[in-house]
Amino acid sequence: MRPLQQIFALVRVQARSLLNTMRYQPGGGGLKVSVTVAALWYGIWVFAAVGCAALPRMVGAEDIEGVLSGVLLFIMAYWQLAPLLTLSLGVSLDARKLTIYPVSVPTLFVVECLLRLGTGSEMLLLLAGFLGGLAAAGSPHVRELTVGFTLFVAFNVFLSAGVRNFIERVFHQRRLREVFLLVLACATLLPQLLLWSDKVRGTARTLWTAFRGFPTWALPSDIAAQISTGEGRLEHLAAMAGMVAAAGVFGYVQFSQGYRVTSMPAISLPAYPWKNGRPQAGERAARLPSRVLRDPIGALVEKELKYLWRSPRFRLPFFMGFTFGVIAWIPIMQQWKALGAWMEQSAVSLISLYSFLLLGPVMFLNRFGFDRGATRFYFWLPLTLRQLLLAKNLATLLFAMLEVALIAVVCWLVGVDIGWEQITEAVAVSLIALLYLLSVGNYMSVRFPVASNPDRISRAGPGHGVRAAVQFLLFPLALLPLVLAFVARYQLNNLFLFGACVGVAAVLGLGLYLFTLQWVSRLGEAGREQFVDHLSQGEGPIASE
Amino acid sequence: MSFQADDSSAAETSSLAIRVRGLTKYYGKKAALNGLDLAVPRGSFFGFLGPNGAGKTTTIHTLIGLLPPTSGEVEVLGMKIPAQMTAVKRSIGVVPDESVLFDRLRGEEFLEFVGRMYDLERDVALSRARELMGLFELDYKSTTLIAGYSKGMKKRLALAGALIHRPRLFLLDEPFEGVDPVGARLMKEILSEQVARGATVFLTSHVLEVVERLCDRVAIVDHGRIVAEGSVAQLRSAEETLEDIFVRLVGGEKAMQRLEWL
C-alpha cells in the first residue's frame, strides 16, 4: 500500500472513530453538545484571529511587521510550553494498535506531524489572521510572509513532535519517570536557594546576563520574522531551513524511539515494593480512611486512593500543583506586589485553586476514566451509583486536602508569610471550591466519560475538547461565589462581608453538591448501558487511551 | 427450528435459580433477545450455548442488572429483577467475558476489596483473599499489579473474586477462555464442588467438550431465542454429539462461500 494511501486511511478511520464516539455519548445529544462546545472554544480563537487580522489596518502594516519577531516568539513559546504546563499533549498515535500493520515509521511520522499541526490549530488561526490582515493592509511582503510563516510552522510542528514523544517515552519507563519527577522536585528548591545562597544568586545573575546577551537573531522566531518582512538574506533562509531540518531530525528520532517503546505492552508492573512482607507507608496510609468509614464506602475510598496514587497520570499533576504552582506564583507575587497584599495573603488559597485546575481531568471531570471497562464491575456489586460517586468524591477530597497542605508547606519553605489565618482560609476556600467542582465533575464523569490510560500523560480522545472547554468555561463560573467573596475582602476591605460571602457560598455549594449527587446518580443508573459501553471502547488508531 | 427435549414439567418457581419469561432486549430496531424463556434449576450446572452474537452475554448482563431489558420477566433465586436487584447482587458471583479487573490493584487487594463489597469483615476478606490466591496458584504474583497478569491469570482471579463471598449462583461468561489446561481443570473442580454444596452454576462457553463433561443441563440460544433445552443426555443421541446438534440448530451447515481471491 502506498504511503499516501495509508496516511489517508489512518486519518479517515480516526475521523470516523471520533465522529462515532462523539455521536454516541451516554445520555444522548452527544454530537450536538460536542460540536457546540468545540464551536465555543474555537470561536474564541477565531475571534482572536480576526483581531489579529484587523490590527494591521488599524495600526499599519509596517508597525505590525516591526513587532513580528515578538509575536512569533510568543506563538512559539505557547505552542511548545502550554501543552507541558497544562499537561495536555494532545492526541497521539496508538502504537500498540498500529504495530501489526505494514506501515513504515516515516509514514507514521507524517501522521504524527499532521496531529501536531492539529493540536497547534489555535496558533495557526492567529498566524492566518496576521497573514490575512497584513495582505489586506497592503503589505508588500505577502510572498515572504507566506514562506516565513510556513517554515516557522514546520519548525514548531517538528519540535513539538520531538518533545511530545520524548516525554511520552520518559513516562513509559518507570525509572526515567521518577527521575523526571525528582528533577521537578529539585526545581522547587531554586527559589529558596536564590533567597538564602549568595553563590546561587551570583550564578543566576551570570546566567541572566548571558541570556540577555544571547543573539536573538539566532532564535527561530527572529529569523522567521526577518524572512517574513523581506529583510532576510540568503543566510537567514539557509539558517531557517537548517533549523527546520534539525527539528525534523529531532522529531523523527524521538518519534521512532518512542514508537518502539510504547508499542510494547507492559510485561510486568510491580506494585510498590513491600519490605519484609509488610506494606509500605503509602499503602498503610491508604487504609486509614477505611478504619473510619464503613464498608462499602471505606473499601471504595481505599481502592480509589491506591488506584490514583499508582497512576502516573495522576501523580504528575498532583506533584506539579505544589511545585510549579508555587514556582509560578512567587515571581508574579513579587513583581506585582504593588497591586496589593492579597497576592501574598491568599497565596496558599490561590495556588490551591490553580492546582485543582491541573488536577481537574484526573480528579473531577472524568472520574471513571482510569477504571475504563472495569467500571461495569461496579454495576453487579451490591452498591448504588450514589455510594460509588460519594466514595470517589471522598478520595478526591483527601488528595485535595493533602495538596493544600503540601502547598502551604512549600510556601512556608520558600519564605511566604504563612500563619494559621492563611491556612484556615486555604482549607475553607478549597473545601467550598471542591463542592462546586465535584458537582460539575460528577456530571461530567457520568455524562462525558472517556477511557483514560493511567500510564500516559497526554489527554486525548473525543471528549477531550469538551472537557477542556468545560474547564476553561465552567471552572471560573463554578468558582464565582468565591471570587465574589475575595472581591468583598480585598476590594471593599470588608472582612465581615467576606465571611458572609464565604458562608453563603458554602451553603449554596453544599446544596448544589447534594442535589447533583442525587441527580447524576439517577442519570448514571438510567444510562448505565451506554455509560459502561463508552468506557469500554478504544478510540481508534490515532487518539491514545 | 426448535428442539425441546421431552422433560418433566417445569420445576416450581422456588426451586429455580433463574426464571426468565419473554425476555426481550432491543438495540434500536435490532433484537438482541427476542422473547427468551429460560428455567435453570437450583443446584445445577447449566450450560448456555450459542453462536457469536446469539445473545449469551446480553442475557448474563440482564441477569446481573447491567442491562435493563426492553420487556419480560426475570427472577433470580426467587427475587425479581429490577425490584430486588441489590439483594440479587448479594447472592451472585460473576465472571464476565472480558477482563473487568482493576488493573492498578494487586490480586490480593482486588479480592479483599471484592470481599468487603460483599459485606465481609476486613480480616475475613483479607484472610479469604490470601487463601484464594493460594488456591488459584496466584500467590507468586502477590506483589504484582493486575495489569501485569496474563489473560488466563486474570480469568482465575476473576473466578476467585466470584467465590470469595460464597454466592448461591455463579454467572460465568466464557470462564475458560484463554486459560491453560491446568488452570481450567482447577476451575472446573472448584465449580463442581460448589454445585455439590448446593450452588448453581450458569455458564456460557464455546468449548462444547467442556460443557458436555460438566453440565447437567444445556440451552442453545440463537438470534435471541432458545432453540433447544434439556439435559445433555437428552439432547445427544448415539449419532450426534452436542457439537453436531449445535451446528445443525444454529445453521452452520451451509457451505462455506468460496471467495475467488482467497
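**Chain B and its partner**

Reply: The contact between the chains comes first: 26 residues of chain B are in contact with 30 residues of chain A. The model is a predicted one. Helix H2 (85-91) and helix H3 of chain B each supply at least two residues of the side that touches chain A. The largest contribution is that of H3(B), which gives four residues to this side of chain B. By class, the side of chain B that touches chain A has 13 nonpolar, five polar and eight charged residues.

H3(B) also packs within its own chain. The axes of H3 (residues 107-117) and helix H5 (residues 151-163) of chain B come within 9 Å and cross at roughly 25°. At that angle H3(B) is roughly parallel to H5(B), and the crossing of the two is right-handed. On H3(B), the contact is made by Gly107(B), Phe110(B), Leu111(B) and Val114(B), and on H5(B) by Leu157(B), Ala160(B) and Gly161(B). These residues divide into five nonpolar, two polar and no charged.

Next, the strands. Strand E8 (residues 169-173) of chain B has five of its five residues buried, so E8(B) is largely enclosed by the rest of the structure. Leu169(B), Leu171(B) and Asp173(B) point one way from E8(B), while Phe170(B) and Leu172(B) point the other way, and all are buried. E8(B) pairs with strand E7 (residues 92-95) of chain B in the parallel sense, over four bridges. In that pairing, Val95(B) stands opposite Leu172(B). E8(B) is also joined to strand E9 (residues 200-204) of chain B, by five bridges and again running parallel. Here Leu169(B) stands opposite Thr200(B) in E9(B).

Chain B also contains an open sheet of four strands, in the order E3-E2-E5-E6, with antiparallel pairing. Strand E3 (30-41) and strand E6 (79-81) stand at the edges, each with a single partner strand, so one side of each has no neighbour in the sheet. Direction ignored, neighbouring strands of this sheet are turned by 20° against each other on average. Within the sheet, strand E2 (residues 16-27) and strand E5 (residues 71-76) of chain B pair in the antiparallel sense over five bridges. Arg21(B) stands opposite Glu73(B) in E5(B).

Further along chain B there is a hairpin. Strand E10 (residues 217-222) and strand E11 (residues 225-231) of chain B run antiparallel and are joined by six bridges. Ile220(B) stands opposite Ala228(B) in E11(B). Two residues lie between the strands of this hairpin, and His223(B) in the turn has a positive phi of about 50°.

Of the 545 residues of chain A, 43% count as buried. Among contacts in chain A with a separation of 6 or more, 82% are between residues 24 or more positions apart.

Helix H24 and helix H25 (residues 495-526) of chain A pack at an angle of about 170°, with their axes 7 Å apart. That angle makes H24(A) roughly antiparallel to H25(A). On H24(A), the contact is made by Pro481(A), Leu482(A), Leu484(A), Ala485(A), Ala488(A) and Arg489(A); on H25(A), by Leu495(A), Leu497(A), Phe498(A), Cys501(A), Val502(A), Ala505(A) and Leu508(A). By class, this contact has twelve nonpolar residues, no polar residues and one charged residue.

Leu479(A) lies in the loop between helix H23 (463-478) and helix H24 (480-491) of chain A. Leu479(A) counts as buried because 20 other C-beta atoms lie within 10 Å. Leaving aside its neighbours within four places in sequence, Leu479(A) is in contact with Leu353(A), Ala433(A) and Tyr436(A). The C-alpha atoms of Leu479(A) and Gln257(A), 222 residues apart along the chain, are separated by 43 Å.

Notes. Residues are numbered from 1 along each chain as its sequence is written. Chains are lettered from A and ligands numbered from 1 in the order in which they are written. This is a predicted model: local features need pLDDT of at least 70, side-chain atom pairs count only at pLDDT 80 or more; totals for chains, interfaces and linings use all residues. Axes are lines fitted to C-alpha atoms, for helices over the stretch in contact, and angles run from 0 to 180 degrees between N-to-C directions. Angles under 35 degrees count as roughly parallel, over 145 as roughly antiparallel, 65 to 115 as roughly perpendicular and the rest as oblique. A crossing is left-handed if the near helix is turned anticlockwise from the far one by less than a right angle, and right-handed if clockwise. Two residues are in contact if their C-beta atoms, placed from the backbone, lie within 7 Å. Ala, Val, Leu, Ile, Met, Phe, Trp, Tyr, Cys and Pro count as nonpolar, Asp, Glu, Lys and Arg as charged, and the others, Gly among them, as polar. Two strands pair if DSSP finds at least two bridges between them. A residue is buried if 20 or more other C-beta atoms lie within 10 Å of its own, exposed if 12 or fewer, and partly exposed in between; C-beta atoms are placed from the backbone.
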